Amino acid sequence: MNTVYIPRDSSAISLGANLVAAAIAKEAESRNIPLNIIRNGSRGMFWLEPLVEVATSVGRIAYGPVTTDQVASLFDAGFLDGGQHALSLGPTEELPWMKHQERLTFARVGITDPVSLQDYLAHDGYKGLRNAIDMAPQDIVQQVTDSGLRGRGGAAFPTGIKWKTVLEAPAEQKYVVCNADEGDSGTFSDRMIMEGDPFVLIEGMTIAGIAVGATQGYIYVRSEYPHSIAALNLAIKSAYEAGYLGRGILGSRHDFYLEVRRAAGAYVCGEETALLESLEGKRGLVRFKPPLPAISGLFGKPTVINNVISLASVPIILDKGSVYYRDYGMGRSRGTLPIQLAGNIKHGGLVEKAFGVTLRELLYDYGGGSASGRPIKAVQVGGPLGAYLPESQFDTPLDYEEFGKLWAVLGHGGIVAFDDTVDMAHMARYAFEFCAVESCGKCTPCRIGSTRGVEVMDKIIAGTDPAKHIALVRDLGDTMLNGSLCALGGMTPYPVLSALNHFPEDFGISKKEQAA
């Protein structure tokens, strides 16, 4: 029987994948052709979605982007056997976008049926968990520590150290919480994993539970991600039924229970302590630290809180070993990073590469330059509160320390491109406005500073005494940077001041005036 793969993730569905799947099924039936349609995850090439792949004797052949009115002609061209058609792209794995990636965390995304446990097992799934079950908790934590894995959610804190703290904290009850409240602009790697390979996240959380002695886990999922929630719940159900979750995992002495919780819909709930408040049924306000959540987290118990990609990176470490993972990357940034290309970019999507790839390679070799065809003026890396980088810094390798030297962050790995028509003063105003809207209001620098920032930026944009008001913006930035309770207020100066420092002309002053 012929097998056809059509993505089922949100991006493909929004571009018509469900309609294309229905059209292909109907056309096959009318031609009396037996067909097995598998709804896989997206390969991350969004400009080609809906991307239809067919299994042939020489591997999968890709066609895209497919629309419903092209389905009949695909059958006429014999696409089920890899026949030539105007939409033919050739072998999927040989496409330049795919060929040079280093997919470790996303190894199965786009290949398997995301909610099929058998498909997951057939593609090396649960090997990491099986190894972990036979290991002492301290040895699991040491493997993660030795791999060099750092939090992929933005803070880049060493995952092994966080786990060690929870492991050594005495308590009858501990928790593992997955922060899946993906709210940064231009980011979608969490969503793609949850929709394209939910079992890898479930496996990573189960390993974390065994490592630190936690028996209960929660996945706090962004409320705007209904397809993620559906995929996770289907996968969790299968995992319970097959003994990969619940009491005595795979016949071992380890128990681990897992639930999905819908997030509150507030950006600040992506901050770990606000997330815990929300998970406890309270308003999402930031908590003072210390104590750290690793000591006193959910319901006052020791809690591992990791981002989706951090936890989804664990199974391959426990499967292939810490050295295998650590051999990717550069400096203290080890392993790979799923990078999301968005904004004014010709080829938007997800690329997984080892740390060390440059922004220029990503923007031009993968992204193909701007969608408008105009020069790329700036990129924002790390979400709405990340710094803006000018063209002179595009050769910077993706590395936590190298970005730190530029007073920039890698964050969640989202890159948003802007061409030369962008006005950076307006982008700086947007950063203040974003903070004012999303602030939980608990601390004054964030709550009041962002509101005053919008007012001052309005005066600068109107051309009212720019030099005086720019000095005020810098003072506000200093106060928010050093006085805010969490990263929402503390990072707002990054986009504001980087825009001002690199593009002073957009603020009504010359570089010469700024230097003076």
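**Salt bridges and their setting**

Arg43 and Glu93 pair in a salt bridge, with 2.8 Å between the closest N and O atoms. Arg43 sits in the loop between strand 2 (35-38) and strand 3 (52-56), and Glu93 in the loop between strand 5 (88-91) and helix 4 (96-99), so the bridge ties together parts 50 residues apart in sequence. The model is predicted.

Arg43 counts as buried because its relative accessibility is 3%, under the 20% cut-off. Glu93 has a relative accessible area of 41% and is therefore partly exposed.

The peptide bond joining Glu49 and Pro50 is cis, with omega about -5 degrees. A cis bond also joins Gly64 and Pro65, with omega about -10 degrees. Pro65 is placed in the loop between strand 4 (59-63) and helix 3 (71-76). Such bonds stand out because most peptide bonds are trans.

Further salt bridges follow. Lys127 and Asp124 meet through their side chains, at 3.0 Å from N to O. Lys127 is partly exposed, with a relative accessible area of 39%. Asp124 is partly exposed too, at 38% relative accessibility. Asp124 lies in the loop between helix 5 (117-122) and helix 6 (127-133). Its backbone deserves a look: phi of Asp124 is near 70 degrees, a positive value in a residue other than glycine.

Phe299 shows a positive phi as well, near 50 degrees. Its place is the loop between helix 12 (272-279) and strand 9 (303-307). Phe299 has a relative accessible area of 44%, so it counts as partly exposed.

Glu455 pairs with Arg452, and the closest N and O atoms are 2.8 Å apart. Both residues belong to helix 19 (residues 444-461) and are three residues apart, about one turn of the helix. Glu455 is partly exposed at 37% relative accessible area. Arg452 is partly exposed at 36%.

Salt bridges can also link up. Glu277, Glu280, Lys282 and Arg287 form a network of them. In the whole structure, the search finds 29 salt bridges.

Now the domains. The chain is divided into domain 1 (2-100), domain 2 (117-327), domain 3 (329-419) and domain 4 (424-515). How many salt bridges cross the interface of domain 2 and domain 4? The rule finds zero there. Polar contacts do occur across this interface: three residue pairs, with both residues at pLDDT 80 or more. On the side of domain 2 that touches domain 4, six residues are nonpolar, one is polar and three are charged.

The interface can also be described by its area and its contacts. About 800 Å² is buried between domain 2 and domain 4, and carbon and sulfur atoms give 76% of this area. In the contact, 10 residues of domain 2 face seven residues of domain 4. The centres of domain 2 and domain 4, taken over C-alpha atoms, are 35 Å apart.

Methods: Residues numbered from 1 in each chain as written. Heavy atoms only, no water. Domains from an automatic or database assignment. Contact = heavy atoms within 4.5 Å. Buried area = accessible area lost by both parts, 1.4 Å probe. Salt bridge = Lys/Arg side-chain N within 4 Å of Asp/Glu carboxyl O. Polar contact = N/O pair within 3.5 Å; in protein donor to acceptor, adjacent residues only side chain to side chain. Nonpolar A, V, L, I, M, F, W, Y, C, P; charged D, E, K, R; others polar. Helix = DSSP H or I, 4+ residues; strand = E, 2+ residues; numbered from the N terminus. Buried < 20%, exposed > 50% of the residue type's maximum accessible area, 1.4 Å probe, protein only.
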